[in-house]
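The sequence and structure are shown below.

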Amino acid sequence: MTSSKEELIQQIEVARKALNESIDEKRQYDEIYKNSVELDSLIEQYIVAEY
């Protein structure tokens, strides 16, 4: 699934906020890890798209 640059940036920001909140709120490791993997995947898509 391809996203426009703006959509991808917005998804990255949402995922980053979710990760930060899960860390700040000291949530379970599994949730923090899931958020981290999701953010990494979006960043990888951004890099591969060469934006």
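In which hand of crossing, left-handed or right-handed, does α1 pass α2? The crossing of α1 past α2 is left-handed.

## Overall architecture

The model is predicted. Its chain contains two helices and zero strands. Taken along the principal axes, the box filled by the C-alpha atoms is roughly 35 × 15 × 15 Å.

## Packing of the two helices

Helix α1 covers residues 5-24 and helix α2 covers residues 29-48. Their axes approach to within 9 Å, with a crossing angle of roughly 160 degrees. Angles over 145 degrees count as roughly antiparallel, and α1 and α2 are therefore roughly antiparallel to each other.

On the α1 side, the contact is formed by K5, L8, I9, Q11, I12, A15, R16, A18, L19, S22 and I23. These residues meet E31, I32, N35, S36, E38, L39, L42, I43, Q45 and Y46 of α2. Sorted by class, the contact of α1 with α2 comprises 12 nonpolar, five polar and four charged residues.

## Burial and surface

The chain has 51 residues, of which 18% count as buried. Its accessible surface amounts to about 4,200 Å², and carbon and sulfur atoms account for 53% of that area.

## Residue D30

D30 lies in helix α2. Its relative accessibility is 62%, so D30 counts as exposed, the cut-off being over 50%. Along the chain, D30 and Y46 are 16 residues apart, and their C-alpha atoms are separated by 25 Å. Y46 is also one of the α2 residues that meet α1.

Terms used
Residues numbered from 1 in each chain as written. Predicted model: local features only at pLDDT ≥ 70, side-chain atom pairs only at ≥ 80, totals over all residues. Heavy atoms only, no water. Axes fitted to C-alpha atoms, helices over the stretch in contact; angles between N-to-C directions. Helix = DSSP H or I, 4+ residues; strand = E, 2+ residues; numbered from the N terminus. Parallel < 35°, antiparallel > 145°, perpendicular 65-115°, else oblique. Left-handed = near helix turned anticlockwise from the far one by under 90°. Contact = heavy atoms within 4.5 Å. Nonpolar A, V, L, I, M, F, W, Y, C, P; charged D, E, K, R; others polar. Buried < 20%, exposed > 50% of the residue type's maximum accessible area, 1.4 Å probe, protein only. Areas by Shrake-Rupley, 256 points an atom, 1.4 Å probe, with all protein chains shown as cover.
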